[in-house]
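Student: Can we go through this model together? I'd like to look at some helix packing and then the pockets.

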Amino acid sequence: MNRAALGGFAVDLGGTKTAAARIENGQIAARRQAATDGAAGLDAMLDHVADLLAGLGYSPGAPLGVAVTGRIGSDGRWQAVNQGTLSAIDGVPLKVALDTRFGNAAVGNDAALAAVAEAHFGAGRASRCFAYLTVSTGVGGGLVLDGRPVLSPNGLAGHVGFVTSPLGSARCGSGRLGTVESVAGGRAIAKAAADAGHPDTDARTVFSEALAGAEWAERIVDRSAAAIATLCADLTAILGLDRVALGGSIGLAPGYLDRVERHLAQEPALFRVPLGPAELGQDSALLGALALHHMKGTT
């Protein structure tokens with residue numbers, strides 16, 4: 001896909017913030033952002049999206065891609081994975097509502113669409129079997145094989161943080177026990193800090209303490225990296241990956257990728273997939289959402 005051919009509008013609707021952008025020649029030409037109201041229903045959220053787009057010069061019928069946190073099924077219904085963040089999003093008909101309000105829009109999970117952008121324009125440009133992993137508050141991701149995102153009717157494909165980990169024992173937001181997210185994500189890191197006698201300590205502080213040489217913090221961060229390394233090897237066994245990119249506030253934290261690589265080096269050679277940092281930053285889901293719109297227009 002030619003990035004320079006991308007033109008239109010994109011929205012990234014997350015649990016805490018909503019961003020909208022006008023994209024010209026594959027670049028973010030203008031951007032607006034505001035807080036997401038986690039208690040709002042679908043109509044109120046789309047009112048908010050419309051306000052952001054209006055300030056960017058959007059008119060109904062213009063190319064539009066929308067990335068959202070949570071699951072998007074093949075029927076276009078949107079289900080929040082964490083209902084504590086988006087309490088009113090429980091199987092709502094997002095695709096129908098978007099098409100009615102804005103014209104034909106492409107919609108997908110934010111991490112899956114970030115994976116599309118990284119695969120075509122970023123860290124996965126030379127890859128045929130690519131995974132993008134985002135490690136931040138939780139752990140998510142997207143899979144792109146031969147240039148196409150891996151999607152499923154129930155919208156669960158790519159939610160790799162819900163895979164079990166040999167290091168895990170706690171329950172994560174998915175309801176499963178012992179997942180990668182329950183070990184590696186920011187919530188898990190903060191809980192591990194509290195369990196280690198450091199209450200009210202967030203993941204950012206744990207990383208700062210680890211960089212300063214605190215042994216308790218080193219152990220927590222290293223355990224997170226080990227869980228991600230095992231996930232990379234597991235996904236490689238299933239999909240034959242040839243490249244993995246790490247993103248998110250934890251995935252891109254200083255020294256974290258090096259830790260993951262050290263743990264991955266302990267795997268047999270066949271499972272040591274090349275790793276690298278994601279390249280597109282906060283724009284990845286926006287670019288991927290509009291790219292999906294263009295891809296759907298060619299199928």
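**Helix packing and pockets**

Tutor: Start with H5 and H6, which pack at an angle of about 65° with their axes 8 Å apart. Keep in mind that this is a predicted model.

Student: Are H5 and H6 roughly perpendicular or roughly parallel to each other, and why?

Tutor: Roughly perpendicular, because angles from 65 to 115 degrees are put in that class.

Student: And is the crossing of H5 and H6 left-handed or right-handed?

Tutor: The crossing of H5 and H6 is left-handed.

Student: What about H7 and H9, what angle do they pack at?

Tutor: Helix H7, residues 215–239, packs against helix H9, residues 256–264, at about 60°, and their axes are 8 Å apart. H7 passes H9 in a right-handed crossing.

Student: Back to H5 and H6. What's in the loop between them?

Tutor: Asp200 lies in that loop. Asp200 is not a glycine, yet its phi is positive, about 55°. Most residues other than glycine have a negative phi.

Student: Where is Asp146, and what is its phi near?

Tutor: Asp146 sits in the loop between S10 and strand S11 (148–149). Its phi is near 50°, again a positive value in a residue other than glycine.

Student: Which domains does the lining of the largest pocket draw on?

Tutor: At least three residues come from each of domain 1 (3–113 + 282–297) and domain 2 (127–277).

Student: How does the lining of the largest pocket split by class?

Tutor: There are 12 nonpolar, 25 polar and 6 charged residues in the lining of the largest pocket.

Student: And the second largest pocket, what volume does that have?

Tutor: The second largest pocket has a volume of about 360 Å³. Of its 15 lining residues, Ala203, Arg204, Phe207, Ser249 and Ile250 lie nearest the centre.

Student: Which elements give two or more residues there?

Tutor: Helix H5 (186–195), helix H6 (203–211) and H8 do. H6 gives the most, with 5 residues. So the pair we began with, H5 and H6, turns up again in this lining.

Student: Last one: what are the classes in the lining of the second largest pocket?

Tutor: The lining of the second largest pocket has 7 nonpolar, 5 polar and 3 charged residues.

Note on methods
Residues are numbered from 1 along each chain as its sequence is written. This is a predicted model: local features need pLDDT of at least 70, side-chain atom pairs count only at pLDDT 80 or more; totals for chains, interfaces and linings use all residues. Side-chain values use heavy atoms; hydrogens and water are left out. Ala, Val, Leu, Ile, Met, Phe, Trp, Tyr, Cys and Pro count as nonpolar, Asp, Glu, Lys and Arg as charged, and the others, Gly among them, as polar. Domain bounds come from an automatic or database domain assignment. On a 1 Å grid over the protein atoms alone, a cavity is a set of points where a 1.4 Å probe fits but cannot get out, and a pocket is an open set with protein on both sides within 12 Å along at least five of seven lines; lining residues have an atom within 4 Å of a point. Grid points are joined across faces, edges and corners, and a volume is the space filled by probe spheres set on the points. Helices (H or I, at least four residues) and strands (E, at least two) are DSSP runs, numbered from the N terminus. Axes are lines fitted to C-alpha atoms, for helices over the stretch in contact, and angles run from 0 to 180 degrees between N-to-C directions. Angles under 35 degrees count as roughly parallel, over 145 as roughly antiparallel, 65 to 115 as roughly perpendicular and the rest as oblique. A crossing is left-handed if the near helix is turned anticlockwise from the far one by less than a right angle, and right-handed if clockwise.
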